[in-house]
Amino acid sequence: WAQDAARNDAGELTVGGIPVSELQRQYGTPLYVMSENDFRARARAFSDAFNNAFADICGGVDVYYAGKSFLCTAVVRWVEEEGLRLDTASGGELAVAAKAGIPGADVALHGNNKSDLEIHRALDMKLGRIVVDSLGELVRVGDIAERRGEKAKVMLRLTPGVHAHTHEFIATAHEDQKFGLSMAADTTEHAGLSAAEEAVAAASAHPGIDLLGLHCHIGSQIFEPDGFALAARKLLRFLAAMQEKYSIVLPELDLGGGYGIAYTPVDTPRPAAEIAEAMAAVVRSTCAELGIDSPRISIEPGRAIVGSTTFTLYEVGTLKTVRVDATASNNGDADNNVTHPRRYVSVDGGMSDNARPVLYDADYSAILASRTSAAGPQLSRVVGKHCESGDIVVRDVYLPEDVAAGDLLAVPGTGAYCWALSSNYNYLARPGVVAVRDGSARLIVRGETEEDLLNRDMGV
Ligand code: LLP
């Protein structure tokens, strides 16, 4: 939950002092409700924690907010005002950065398959860094910059071979996935040479490239600092080896994002300060061991900044209760046949505004937001309105027995990768995003209208 979300005396959920019924009246549902103060506070907290931990190692840390988690021009401005930078992953995200007016020097571009157009756009905007993902792309970026008579500022994304303990689809540092330059020997045509080493040598020799340093991102929604620390150690060793072998000094090291948040009470993320200290300790000791100065460190948190700032507000519609066979957990003992009721609570959105349950088996929670209730708890499953039985918003949650059509539910933790991954499945219009601050609310992204959807139909 956002820090300024709370129930008022009448029992209604409010954020920044504004009751949810007021937000529904003004903007409708479903609606993403974001606390601007909470976003700013989390951005600052992350930046402070890492800057403090690394102050004596490399003078501080550059924090790039990962825009893929949620991006619009208002958020870019908050990021800038709080002293952070911006990480983008496509030409479209660069367009948002340009529209918001953030200096290109504070922007990074990622992607495993950048188009020439995206590379030109990055150079037009004079980006602070282009994170190159493969040998082929390195040559393409270098050649384009050289033809323009420029030097592209490049980081190389390496694959440190760390297994992050998270969902398979969001783990990104093991060998067998699409991202990054392998650090394993013999991953090029040249005997014994890793793709990472070949890229360092090629980048340093290319007249269109200014090689800034190395990058890795091991995955997302990670709680334990060990994986980050291990990746940092591997990249520092590699960096020292390049210095020794080729006399190439790489002044920067980006350790990516991936810091987890609590979606339900069983999630126990570590405070930013604890993660920062653990990572700083490893960077400090590894640099000492290797006898090198620490490179300038940067990180790219997305979810940990925006995830908890937002809840999705839904209106309840249809309700139905079924009896569920509980024998599976009862060793199939027919004499001991047990069933329990499960209530399906349908809301006016679903997998189109939150694809994470269906994509990653993600768990969420929900509360009755428009009022409190003295009724007893009932095991409920919050589902959407799409034509799929997998269209689940919250798999299991206890909601008051008297929840009824017209009630408002709030699902917290929907700031990251919900609006960003939203779709128009079943021709549902994407909800808007409202930002609340100190008692006033404003739309920062308007919801789509039916007209928006029909406008794209060419009618021929
Ligand atoms: N840096 C790079 C290079 C990334 O690929 C990502 C996320 C981040 C930073 C930010 O990671 P974060 O701090 O937000 O975990 N759609 C998935 C997550 C995909 C993450 C993609 N890359 C989900 O909803 O869980």
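This note covers the annotated sites and the ligand shell of a predicted model.

1. Basis. In this predicted model, local features need pLDDT of at least 70 and side-chain atom pairs count only at pLDDT 80 or more, while totals for chains, interfaces and linings use all residues. Residues are numbered from 1 along each chain as its sequence is written.

2. First binding-site record. An unreviewed UniProt entry gives "binding site" for Arg303, Arg356, Tyr360, Glu388 and Tyr417. These residues span 115 residues in sequence and their farthest two C-alpha atoms are 27.2 Å apart, so they do not all gather at one spot. UniProt positions are in the numbering used here, feature names are shortened, and annotations may be inferred rather than shown by experiment.

3. Gly258 lies in the loop between β12 (252-254) and α9 (272-290), and Gly302 in the loop between β13 (296-299) and α10. Helices (H or I, at least four residues) and strands (E, at least two) are DSSP runs, numbered from the N terminus.

4. Burial. A residue is buried if 20 or more other C-beta atoms lie within 10 Å of its own, exposed if 12 or fewer, and partly exposed in between, with C-beta atoms placed from the backbone.

5. Arg303 sits in helix α10 (residues 303-306). Leaving out residues up to four places away in sequence, Arg303 touches Ser69, Ser220, Gln221, Ile261, Ala416 and Tyr417. With that same exclusion, the contacts of Gly302 include Ala66, Ser69 and Ala416. Contact means that the two C-beta atoms, placed from the backbone, lie within 7 Å.

6. The unreviewed UniProt entry puts "active site" at Cys387. Cys387 is in the loop between β17 and β18, and Glu388 is in the loop between β17 (377-383) and β18 (392-400). Cys387 is exposed, with 8 other C-beta atoms within 10 Å, whereas Glu388 is partly exposed, with 13.

7. Ligand shell. Of the 22 residues around the ligand, Ala66, Ser220, Gly257, Gly302 and Tyr417 come nearest; a residue counts as near if its C-beta atom, placed from the backbone, lies within 6 Å of the molecule. Helices α10 and α11 (356-360) each supply at least two shell residues. Domain 1 (5-35 + 308-455) and domain 2 (60-301) each give at least three, with bounds from an automatic or database domain assignment.
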